[in-house]
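Colleague: I would like to learn how to read a few local features of a model like this one. Could we go through them one at a time, with the general idea before the case?

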Amino acid sequence: MLALNPDSHFELEEDILLQALPELDHYYAFNTKDGDNFKLNHTAHWVLAAIGSGVNYLELLQGFSKMFNLDGKAAEQDLKEVLQYALENKIIKEVKP
């Protein structure tokens with residue numbers, strides 16, 4: 001499982017574009033450089049949109065927990081799954097603040 005500290009800082013990768021069609025429940029992340037595309041669920045799209053051009057893990061966790069009305073452990077586990085997927089697929093990157 002992904003090891004994070006409260007100061008871990010994330011940004012979308014430079015060539016990532018997010019697209020949402022909420023009325024159809026369709027959410028995507030596109031890599032405009034290499035053509036990779038990822039179908040997302042609403043939760044993953046919310047996380048990536050919240051990361052945008054930069055956010056630290058603690059702020060993201062607090063917002064995620066509040067948005068989806070989750071307790072600390074459930075929020076942390078769910079968020080880490082999204083972050084791990086996004087990091088592995090080069091949708092986001094961890095950066096030095």
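Predicted model: local features only at pLDDT ≥ 70, side-chain atom pairs only at ≥ 80, totals over all residues.

Colleague: Where does Asn69 lie, and what is its phi?

Modeller: Asn69 sits in the loop between α2 and α3, and its phi is near 50°, a positive value in a residue other than glycine.

Colleague: Which residue just after α3 takes a positive phi, and where is Asp25 placed?

Modeller: Just after α3, Lys90 has a positive phi of about 55°. Asp25, which is not a glycine, has a positive phi of about 60°, and its place is in the loop between β2 (16–21) and β3 (26–31). With a relative accessibility of 52%, Asp25 counts as exposed.

Colleague: How should I read the packing of two helices, and at what angle do α2 and α3 pack?

Modeller: Two packed helices are described by the angle between their axes and by the distance between those axes. Here helix α2 (residues 57–67) and helix α3 (residues 72–88) pack at about 120°, with their axes 10 Å apart, and the crossing is right-handed.

Colleague: Which residues of α2 and α3 meet?

Modeller: From α2, the residues are Tyr57, Leu60, Leu61, Phe64 and Ser65, and they meet Ala75, Glu76, Asp78, Leu79, Lys80 and Leu83 in α3. The residues of this contact divide into seven nonpolar, one polar and three charged.

Colleague: How does the span of α3 agree with its number of residues?

Modeller: The 17 residues of α3, at 1.5 Å a residue, should span 24 Å, and because the end C-alpha atoms are 24 Å apart, the span agrees.

Colleague: Which residues of α3 are buried, and against what do they pack?

Modeller: Ala75, Leu79, Lys80, Val82, Leu83 and Ala86 are the buried residues of α3, and they pack against β1 (9–12), α1 (42–51), α2 and β6 (92–95).

Colleague: To finish with another loop, where does Asp34 lie, and what lies 2.9 Å from a polar atom of its side chain?

Modeller: Asp34 lies in the loop between β3 and β4 (37–40), where a polar atom of the Asp34 side chain is 2.9 Å from the backbone nitrogen of Asp36. Asp34 is partly exposed, with a relative accessible area of 48%, and its C-alpha atom is separated by 8.6 Å from that of Asp15, although these residues are 19 residues apart along the chain.

Technical notes:
Residues numbered from 1 in each chain as written. Heavy atoms only, no water. Axes fitted to C-alpha atoms, helices over the stretch in contact; angles between N-to-C directions. Helix = DSSP H or I, 4+ residues; strand = E, 2+ residues; numbered from the N terminus. Left-handed = near helix turned anticlockwise from the far one by under 90°. Contact = heavy atoms within 4.5 Å. Nonpolar A, V, L, I, M, F, W, Y, C, P; charged D, E, K, R; others polar. Expected span 1.5 Å × (residues − 1). Buried < 20%, exposed > 50% of the residue type's maximum accessible area, 1.4 Å probe, protein only. Polar contact = N/O pair within 3.5 Å; in protein donor to acceptor, adjacent residues only side chain to side chain.
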